Amino acid sequence: MRKKRSLTRQIMLMIFCLAAAAIMVCWVLNSTLLEHYYVMNKQDGMVEGYQTISEASAAGELQSADFDITFENICANGNITTVVLAPSGSVVRSSTLDFTLLKQELLDVILAGEQGQVVSSGDNYQLLMKNDTRLHSEYLVLIGVLEDGNLILMRTALESLRESAAISNRFLLIVGLITIGISCIAGGFLARRITRPILQLADISKKMVHLDFNAKYVHGGWKDDPSLNLKGMFDRRQLAVIDGDSQIPGNEIDLLGNHMNRLSETLERTISELKSANVELTKDIEKKTKIDEMRREFLSNVSHELKTPLALIQGYAEGLQECINDDEESRNWYCEVIIDEAAKMNRMVKKLLTLNQLEFGNDQVVMERFNITELIRGITGASRILLEQNGITLDLDGLDDVDVWGDEFKVEEVITNYLSNAINHCEGEKKICIFYTRKPDLLRVSVFNTGKPIPEEDIGQIWDKFYKVDKARTREYGGSGIGLSIVKAIMDSFHQECGVINHENGVEFWMELSTK
């Protein structure tokens, strides 16, 4: 199908048909009109020759030597045989030495009235077309009277004209066939010159269909080169876009190629933007899904955390109401449980409110410079009784005075959470160590406690709300799983890092603060 509809074949066929038609028209016109044209041209030549000779005779120059050259030119150039006779019948001038036949033909026309077909006539001459029965040929014959009274006969054969016309037609036919052959070859070359870049553009468009935009068209060809684009440096044969108009050194196909290059770049850029937007949309969808999951998990966790203390409060309150135990000690114990569970709920709600304010940026951060060592000593001093009750040794050796930047109250909350977790999970040697690690413009504060390391699969999730590594133990000391979430939110508000490191004999929680 492609060969039948090939543009190259169509162009070659069109050029062949045009050339053949042109040659055929010329051949037909030559065959029908060229002979008549030659005859008319010969007639005009004979009349002009007669007029020239007549004027010479009127001037008395007919037999002069000066007129010899003119007379010979008229006869030789026009292939005309001429004889001039005096009224007495003597030959005045002749273009041939054998003038007997011409003289006899002139006398036959004048005396015997032998006529032929009159072609044209004037005041003193007639132009006839006669058949020579002896030679079986046709002649043009001019019979006339000159200004000096002499008679003139001019004759030329028409057979030579017909032969010239036939030779001309044959030559035209040969030249036409050669021309048609050359036209087909030239047409094929021209067609390939036209169709090659079009096929290249078709290949480029096919690549574009498959979202391959590396191929670019340049003047005279195309290149499949990832480094080639309209923004690059083209050589002087390549395309250029100036002031928004396509200025190209080639033709319309180069202009089309330039536009396809620009279309390719636009499509590539648009698809890239769409892919980027799709990635962002995917991220937004994933984020939304995660937020929805977090919301459901949050509601589930809050419900779970509140369910137990509410059940205890309700149960012990109903026991008091029904006077299950009438002694004062039992009533006091019931009341203590209710108060303790209500206090846990209160602390959890406060932490949730604090976390909510931090996550939504509603809690204002006051950055100031303060002594982190004094803050740590104050926190550990307030927790000394709790440390002693749990038999824990606290090591603060090597804590020199250091000033850092941050919100002092929020930093206090972070360290308090770290220290509280360390106390609740301290095992083995029962030792907690707080130490510094200095970095350029940063101070890392670490809280280490001996005990079991955090399982690797849980490390990435301990900063999530309500996540508990050991739920039974967390419930035992009243943990809600919100403390580390608050730590993460506070450090994010500082634009600083925090983390956890497992050691063979314990766990290290750390935070970083700016010193400048």
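Strands β11 (residues 368-371) and β13 run antiparallel and are joined by four bridges. Within this pairing, Glu368 has Gly406 of β13 as its bridge partner. Strand β13 spans residues 403-406 and presents two faces: Val404 and Gly406 lie on the covered face, whereas Asp403 and Trp405 lie on the uncovered one. These features, like those that follow, are taken from a predicted model.

The secondary structure of the chain consists of twelve helices and 17 strands. Of the 516 residues in the chain, 36% are buried. Among contacts with a separation of 6 or more, 61% are between residues 24 or more positions apart. The pLDDT of the chain averages 78, and 78% of the residues score at least 70. Over residues 225-246, however, the pLDDT is below 50, although this stretch has 43 contacts in the model beyond near neighbours in sequence.

In soluble globular proteins, nonpolar side chains tend to be buried together. In the present model, the largest nonpolar core comprises 42 residues, of which Ile372 and Tyr418 touch the most other members. Two or more residues of this core are given by each of the helices α7 (372-382), α9 (408-425) and α12 (483-494), and by each of the strands β14 (431-439), β15 (442-450), β16 (498-503) and β17 (506-514). Helix α9 provides the largest share, seven residues. Apart from this core lies another, of 25 residues, which includes Val47, Tyr125, Leu146 and Leu161.

When neighbours within four places in sequence are left aside, Ile372 is in contact with Val402, Val404, Val411, Ile415, Tyr436, Leu443, Val445 and Leu513. One of these partners, Val404, belongs to the covered face of strand β13.

Four aromatic pairs were identified. The pair formed by Phe67 and Phe71 is tilted, because the ring centres are 6.3 Å apart and the planes stand at 50°. Both Phe67 and Phe71 are buried. The aromatic pair of Trp463 and Phe509 is edge-to-face, with 6.1 Å from centre to centre and 80° between the planes. This pair links distant parts of the chain, 46 residues apart: Trp463 is in the loop between α10 (456-459) and α11 (471-476), and Phe509 is in strand β17. Trp463 has a relative accessibility of 16% and therefore counts as buried; Phe509, at 8% relative accessibility, likewise counts as buried. Together with Tyr418, Trp463 and Phe509 form one aromatic cluster. Tyr418 is also one of the residues that touch the most other members of the largest nonpolar core.

Charged side chains were also found over aromatic rings. The charged end of Arg93 sits over the ring of Phe71, at 5.0 Å from the ring centre; Phe71 is the residue that forms the tilted pair with Phe67. The charged end of Arg444 sits over the ring of Trp510, 3.7 Å from its centre.

Helix α1 (residues 7-58) contains Met40. With a relative accessibility of 51%, Met40 counts as exposed, because the cut-off for this class is over 50%. The C-alpha atom of Met40 is separated by 9.7 Å from that of Val119, a residue 79 residues apart along the chain.

Conventions
Residues are numbered from 1 along each chain as its sequence is written. Side-chain values use heavy atoms; hydrogens and water are left out. Buried means under 20% relative accessible area, exposed over 50%, partly exposed in between (1.4 Å probe, protein chains only). A nonpolar core is a set of buried Ala, Val, Leu, Ile, Met, Phe, Trp, Tyr and Cys residues joined through side-chain atoms within 4.5 Å. Contact means heavy atoms within 4.5 Å. Rings of Phe, Tyr and Trp (its six-membered ring) pair if their centres lie within 6.5 Å; planes under 30 degrees apart count as stacked, over 60 as edge-to-face and the rest as tilted. A charge sits over a ring if NZ of Lys or CZ of Arg is within 6 Å of the ring centre and within 35 degrees of the ring normal. pLDDT is the predictor's confidence in each residue, from 0 to 100. Two strands pair if DSSP finds at least two bridges between them.
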